[in-house]
Amino acid sequence: RERLQMTRSILAALLLPLLIGCSFEERQRGEIEGTVVIPEMTSRKEIIQPEGVARLPVFSSAVRSGNLIFLSGAIGALPGVNPPQLVEGGVVPETHQTMENIIAVLDAAGATLLDLIKCTVFLADISDYAAVNEVYVQYFPSDPPARSAVAGSGLALGARVEIECIAAVPEA
């Protein structure tokens, strides 16, 4: 019992400074009972969607927040083709087109391949790892970004490779 009282005292001492710094505001009820209207906030993100870059309607090509740019997974879809269509010829042309699509998104964000700090490569078949690396190294001959590669059971539009990236650039 004494131990329980001591634990409560310690928790109170730790939590009290946090509660003092908090403010409580009444929220307004929405039109539908039970919904809450949250005051409009300034967005901390910028959507980057370059013209001609193939995309599905459920995501943005990239989002910038502060000095970071988060690129959605890019595949080897041909630019300007709607609905999106993969370049023909297998994993090597797909990887080249994927990298070109990444370059287009980075360019629209005011960045380059040199700004990439992390890439994740998704492969439909891990046996394509060596072929993808042969193309990838052409785009990063020195000082490549950190990278992971994983095999999945299926990629969008039947792609064989998909690459998502994070870039760091000076704030705009």
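Reader: How many disulfides does a search of the whole structure find?
Author: The model is predicted. A disulfide needs two cysteine sulfur atoms within 2.5 Å. The sulfur nearest to that of Cys119 belongs to Cys165 and is 3.3 Å away, so under this cut-off Cys119 is in no disulfide. Over the whole structure, the number of disulfides found is zero.

Reader: Is Cys165 buried or exposed?
Author: Residues under 20% relative accessible area count as buried. Cys119, at 1%, is buried. Cys165 has a relative accessibility of 2%, so Cys165 is buried.

Reader: What is the bridge partner of Cys119 in strand 8?
Author: Strand 6 (residues 116-123) and strand 8 (residues 161-168) run antiparallel and are joined by seven bridges. In strand 8, the partner of Cys119 is Cys165.

Reader: Which are the edge strands of the open sheet?
Author: The sheet has six strands with mixed pairing, in the order 3-4-5-8-6-7. An edge strand pairs on one side only. The edge strands are strand 3 (46-48) and strand 7 (146-151).

Reader: Which strands does helix 3 lie across?
Author: Helix 2 lies across strands 3, 4, 5, 6 and 8, at about 25 degrees to strand 8. Helix 3 runs at about 150 degrees to strand 6. The strands that helix 3 lies across are strand 6, strand 7 and strand 8.

Reader: How many charged residues does the contact of helix 2 with helix 3 have?
Author: The axes of helix 2 (residues 91-108) and helix 3 (residues 129-139) come within 9 Å and cross at roughly 35 degrees. Residues that meet there include Met99, Glu100 and Ile103 in helix 2 and Val132 and Val135 in helix 3. By class, the contact has nine nonpolar residues, three polar and, as charged, one.

Notes:
Residues are numbered from 1 along each chain as its sequence is written. This is a predicted model: local features need pLDDT of at least 70, side-chain atom pairs count only at pLDDT 80 or more; totals for chains, interfaces and linings use all residues. Side-chain values use heavy atoms; hydrogens and water are left out. Axes are lines fitted to C-alpha atoms, for helices over the stretch in contact, and angles run from 0 to 180 degrees between N-to-C directions. Helices (H or I, at least four residues) and strands (E, at least two) are DSSP runs, numbered from the N terminus. Contact means heavy atoms within 4.5 Å. Ala, Val, Leu, Ile, Met, Phe, Trp, Tyr, Cys and Pro count as nonpolar, Asp, Glu, Lys and Arg as charged, and the others, Gly among them, as polar. Buried means under 20% relative accessible area, exposed over 50%, partly exposed in between (1.4 Å probe, protein chains only). Two strands pair if DSSP finds at least two bridges between them.
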